[in-house]
Amino acid sequence: LLQITQAVEDSRRTIIVLSRNYLESVWGQMEFNSAYLQSVEDKRNRVIPIIYDDIGNIDELEPELRAYLKIHTYLRWDDARFWDKLHHAMPHKRRLKHLKQTAVEMRSQTNKRGKPLSHSMVSAWVCCLSLLILLTAQASTSRNCSVSKQSSIQTQLKCPGFNVQLTLHTGRRQLEVQCSAKPDFELLRNHPNLPTMTFQELAYRDCPLPVGNLSLVEHLSTILDRSQLSAISRLFFVDNAILSEQVALDPQLFAGLGQLKVLSMKNSTRMPLDNSRLFEHLPNITWLDLRQGDGGSRVARALLRPLTQLTTLELMENELTTLPTELVSELPSLESLTLYQNKLERIERFTELPKLTSLDLTYNQLVTLQEDVLDRLPNLSQLMLRSNKLASLPSGLLRMNTKLTAFLADKQLGAGLELGDGLFARLTMLQNVSLSSCKISTLPESLFTGANQITIVNLSDNRLQSLPENLLRDLSNLKELYLQHNELINMLPDTLLHGAPQLRILNLGYNNLTTLSEQLLESQTSLEKLHLEYNQLHTIEWEAFNSQSKSLQLLNLSHNRLAMHEDGRDVVYQNGKTIYVSQTPFYNLNNVEVLDLSYNAIIRIFMDFIKYMENLISVDLSHNQIKNISYANFQFYSPNFKWLNLSSNLIAYPNFGHVDSPPRLPREIILDNNPLNCDCWSYPLLTFLQTQAKADFPLKGLQCAQPLTLRGKKPQHVPLEELVCEIDASSGFCPTECNCYKRAIDRGVIVNCTAANLAHVPIIQNASKINCDFRNVSKIDCNSIELHLDQNMLHDLTNVGEGWNQIRRLYIANNSLATL
């Protein structure tokens, strides 16, 4: 190892000859690492890698070697110009003037021999250079390219020893050129097996950009048809900086690409685009994407001047801290400007862009906007300011943008956003306003004055506790209003919505509303979806939904405090009064399809759902306090009713069983997480489920909760003989020393006196004292007894009591009986 290190230090260049054997050699790795570290220490390129044969995929090499090959130029032994390229890689021409002649002589020797040079020949040539070699395989690289069809619309071309993969996407007529390392396209010039490819779009990915006077067309003409390249209309440079030289791009790069209309440059160069003539060969460009550094702050200010046809400019992800005003000026055709995900903190007044319609400033660090910043954008129709740190929007910000249709400024990350009074006033073309998640605490009453074409307002996820009564008075075309996730308390102003009669969607969820008055929705005859979930609603006035009888389709009232009963009696509320009547505020909602009342305090399934709501499809009553259900609760008038959720209620005894004409049931009745008691009173239900119900019977999720011995079992799997109920001591039937039960399957009584320390047999009463009607229809006497007297101290049996003649099973093991 010491000798290797010393040899590297004493040499101007270190040649690494890469073969399969070299890569498998520990000493080979040591040699490269030593040369690489010396190169880093000297801050100059000392290492010359030579690929001797097929070493496989470069991406699978050791990390240091892989990185080095991707960043630096390497040579190939089978390159026709190998010796010339090696000569240029050598230092100090004046000291090695004999090198070129030696190279010619050695190339001649190689050609004569028809095989690679021996170690001694190479050693003699490099003289004072250290040469690190570990070669045994002498096979030459195959030059046969293979074409594989990945799918009906994708074809791939691979050539062994060539670090480029070509993929043709026929559907969008795109050719993708992707490099795994620095390629030499000359290797495939005039290759007989290269197929002809037809394409209109070129994606040039991970490959170095040509520099100097070499154009992209000339660069790729060794493998692709020159006329095809010159005719492309869309070009995408992607991540070319990794393998490119640290040289500024030259206008010659785009020579011959006059038909190009779309150009995207994403992390394509290691140097700024500081040549103002760079795009002079691209007069027809309409769409330009400069991102991830290519559109950074050091670009030439006149870079875009030749692009007089440019309509779309994207400068996203460039870490810009100030707006490049000169860069985006004098663009008479520009319609869309995207400055997404930069670091802009402030923007000066835009220069005149007469055709600009879309401006995207999303994901920046803007704190404030000057009132005149948008004055010279007369045709602006879409303004996107999402995810900034705006603290205020001045009243006159949009005064000159009379054609604005969409204002999107959600997710401001500052302490709170303040809106100027009349910010959107008199913008008669404005349709969409979105200001969610901005920490807004108050709204000026004249915010929307005269903006009568607005159809969507999103003020969700803010800190609003109240709303001005006349906030929406001019929004006669408003269709969607989102106010969820605020802090609205108690009641909203009765006339708040009277100026917006065309509402289709109203979302008031996740607030602190307690009361819904009859007047609030009085004007809303077109309302289709109403969200009131996660409030504190306990009062909904009787006629609150009267105007929505034909329009409302979805009503969500989950997670509130609705009971609609007082002391067990059904109630409704009207004008602050309580009226005891078996009806709900939902009785006239004839068009509702989805009703969610989960997580409330409801104790029954209301008849309004069954008798009146003729289009109902699903009702969610989960997490309430409902105790009893039966067939009568499911005779829904709606022919489309499919789904009823009763999970997590207090249902212990669902009253289902055999009936002569069972009603049409919903497709699913969800009953999981109820306290189902699998005892004798459940016998009719379990008998029906086990013997008569079809496999698709709609009761879903039932599990026994009691007794503990059956907890978690499905009713369909519980043995019917285990369905027993304890007999109350007040009946006078059960001996005091024993426990007594009645069993449904045989209408029998169990008297359990096991291990009761009995010396005498207790009096056994007549089983007819116990009612064995488990359907609550009439009294049916129990007719048999099962007596357990085992594990006692009995010496004899005495048949005391009227029940002895009804004993069908007698257990007397482990006593002191001598005779029977």
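1. A residue is called buried under 20% relative accessible area, exposed over 50%, and partly exposed in between. In this predicted model, Asp-461 has a relative accessible area of 35% and is therefore partly exposed. Asp-461 lies in the loop between β21 (456–458) and β22 (480–482). Its phi is positive, about 55°, although Asp-461 is not a glycine.

2. The loop between β32 (572–574) and β33 (577–579) holds Asn-575. With a relative accessible area of 57%, Asn-575 is exposed.

3. Ser-329 belongs to the loop between β13 (312–314) and β14 (336–338). Its relative accessibility is 9%, so Ser-329 counts as buried. The side chain of Ser-329 reaches the backbone oxygen of Glu-326 at 2.8 Å. Leaving aside residues up to four places away in sequence, Ser-329 touches Arg-305 and Thr-351.

4. The peptide bond between Gln-706 and Pro-707 is cis, with omega at about -10°. Pro-707 sits in the loop between β40 (704–706) and β41.

5. Strand β41 also takes part in an open sheet of five strands, ordered β41-β42-β43-β44-β45, with mixed pairing. β41 (724–726) and β45 (807–811) each have a single partner strand, so these edge strands are left without a neighbour on one side. From one strand to the next, the twist averages 20°.

6. Within this sheet, β43 (residues 748–752) and β44 (residues 784–788) pair in the parallel sense over five bridges. Ile-750 has Glu-786 of β44 as its bridge partner.

Terms used: Residues are numbered from 1 along each chain as its sequence is written. This is a predicted model: local features need pLDDT of at least 70, side-chain atom pairs count only at pLDDT 80 or more; totals for chains, interfaces and linings use all residues. Side-chain values use heavy atoms; hydrogens and water are left out. Helices (H or I, at least four residues) and strands (E, at least two) are DSSP runs, numbered from the N terminus. Buried means under 20% relative accessible area, exposed over 50%, partly exposed in between (1.4 Å probe, protein chains only). A polar contact is a pair of N or O atoms within 3.5 Å; within protein, one must be able to donate a hydrogen and the other to accept it, and residues adjacent in sequence count only if both atoms are side-chain atoms. Contact means heavy atoms within 4.5 Å. Two strands pair if DSSP finds at least two bridges between them. Axes are lines fitted to C-alpha atoms, for helices over the stretch in contact, and angles run from 0 to 180 degrees between N-to-C directions.
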